[in-house]
Amino acid sequence: MNATSAAVATAVTFVWLGMVLAISFLEAPLKFRSPGVTVPIGLGIGRIVFRALNRVEAVLALAAIAAVATGGPPASVVPTAVAALLLAVQLLVIRPGLNRRSDRVLAGETLPRSRAHHFYVATELVKVFALLALGTEVLTT
């Protein structure tokens, strides 16, 4: 791996990983524990935060793909592809259903807990491991 590609891939990967950990596994669950934060308020905040996160993730994914494609070791291709694919699944498959559901809750409907949220969390966990693998690979080459 050339030095520039390695530096870019390392930086992008660990920034992406840090954002996912901070928002998905820290901010998201904690906001609902705050006094006065109702489910509709939490959902409204979450939608804005995750929309911003996902936009930044898309940019970081493209940067990671470019860095790995221009000089990455072959072993870094798989975790890069896994992380990018999981992001695409979240954005194109899981999030639209979660958005429709949150629209209904924000409109005043009372709905049971959603299993789709569990799929989102599962993809986040796998994405974290893919980013760890990618970061470790590009950092050690």
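The model you are looking at is predicted, so local features need pLDDT of at least 70 and side-chain atom pairs count only at pLDDT 80 or more, while totals for chains, interfaces and linings use all residues. Residues are numbered from 1 along each chain as its sequence is written, and side-chain values use heavy atoms, with hydrogens and water left out.

Lysine 31 lies in helix α1. Leaving out residues up to four places away in sequence, lysine 31 touches Val37, Gly42, Ile45 and Gly46; contact here means heavy atoms within 4.5 Å. Glutamate 137 is 106 residues from lysine 31 along the chain, and their C-alpha atoms are separated by 34 Å.

Now move along to threonine 10, which is also found in helix α1 (residues 3-31). Is threonine 10 buried or exposed? Threonine 10 is buried, because its relative accessible area is 16%. Its side chain reaches the backbone oxygen of alanine 6 at 2.7 Å. Beyond its neighbours within four places in sequence, threonine 10 is in contact with Val138 and Leu139.

Step back, and the whole protein comes into view. Its secondary structure comes to four helices and zero strands, running α-α-α-α from the N terminus on. Here helices (H or I, at least four residues) and strands (E, at least two) are DSSP runs, numbered from the N terminus. The C-alpha atoms fill a box of roughly 55 × 30 × 20 Å, taken along the principal axes. Of the 141 residues, 36% count as buried. Among contacts between residues at least 6 apart in sequence, 78% join residues at least 24 apart.

Which aromatic rings pair up? The structure holds one aromatic pair. Phenylalanine 50 and tyrosine 120 form this pair, which is edge-to-face, at 5.9 Å centre to centre and 85° between the planes. Phenylalanine 50 lies in helix α2 (residues 39-71) and tyrosine 120 in helix α4 (residues 115-139), so the pair ties together parts that are 70 residues apart in sequence. By definition, rings of Phe, Tyr and Trp (its six-membered ring) pair if their centres lie within 6.5 Å; planes under 30 degrees apart count as stacked, over 60 as edge-to-face and the rest as tilted. Both phenylalanine 50 and tyrosine 120 are buried.

Note on methods
Buried < 20%, exposed > 50% of the residue type's maximum accessible area, 1.4 Å probe, protein only. Polar contact = N/O pair within 3.5 Å; in protein donor to acceptor, adjacent residues only side chain to side chain.
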